[in-house]
Amino acid sequence: MTYNGKELAALVKLGLAMAQADGHVDQIEQVAIASELRDFGINESNASAIIATAAVMDAAEAIATLAVMSTEQKKYATGYLAAIMASDGEIADSEVNMWQLICTLASFPTMNVHEALKFWTSH
């Protein structure tokens with residue numbers, strides 16, 4: 001799967017929103033967000049730039065950026081956000097609600113958490 005810098009920043013922005021949905025961001029959630037950048041081959045310098053872009057990006061821009069991606073990119077993003085949600089071993093209702101809202105607003109394919117995680121881990 002490939003994403004450009006703006007798409008990665010949007011994923012990070014919404015990944016942080018997922019992590020914060022239950023009222024706190026656990027270390028494991030931060031690791032889940034950062035490890036995805038590393039898995040995409042992003043070095044520390046580029047990761048800093050992507051995180052800085054995500055910090056100033058508003059949620060509407062992040063949603064709009066993801067909404068125009070390909071179906072395959074959206075499926076992967078759905079799984080990535082689900083992985084952040086599940087990374088701390090608990091899935092709060094607020095996280096599910098945030099995940100569903102992002103998926104709806106960004107016109108992601110309809111998937112349940114299990115389907116999204118399965119797609120994400122296999123790609």
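Predicted model: local features only at pLDDT ≥ 70, side-chain atom pairs only at ≥ 80, totals over all residues.
**Ground rules.** I number residues from 1 along each chain as its sequence is written. Local features need pLDDT of at least 70, side-chain atom pairs count only at pLDDT 80 or more, totals for chains, interfaces and linings use all residues, and side-chain values use heavy atoms, with hydrogens and water left out.

Helices here are DSSP runs of H or I, at least four residues, numbered from the N terminus.

**L81.** Skipping neighbours within four places in sequence, I find L81 in contact with L11, L14, G15, M18, W99, I102 and F108; contact means heavy atoms within 4.5 Å.

**α1 and α6.** The axes (lines fitted to C-alpha atoms over the stretch in contact, angles from 0 to 180 degrees between N-to-C directions) lie 8 Å apart, at an angle of about 155°. So I call the pair roughly antiparallel, a label for angles over 145 degrees. From α1, L14, A17 and M18 meet E95, M98, W99 and I102 of α6.

**α1 and α3.** The axes of α1 (residues 5-20) and α3 (residues 44-56) come within 8 Å and cross at roughly 60°. On the α1 side I list G5, L8, A9, V12 and K13, and on the α3 side I50, T53, A54 and A55.

Conventions. Helix = DSSP H or I, 4+ residues; strand = E, 2+ residues; numbered from the N terminus. Parallel < 35°, antiparallel > 145°, perpendicular 65-115°, else oblique.
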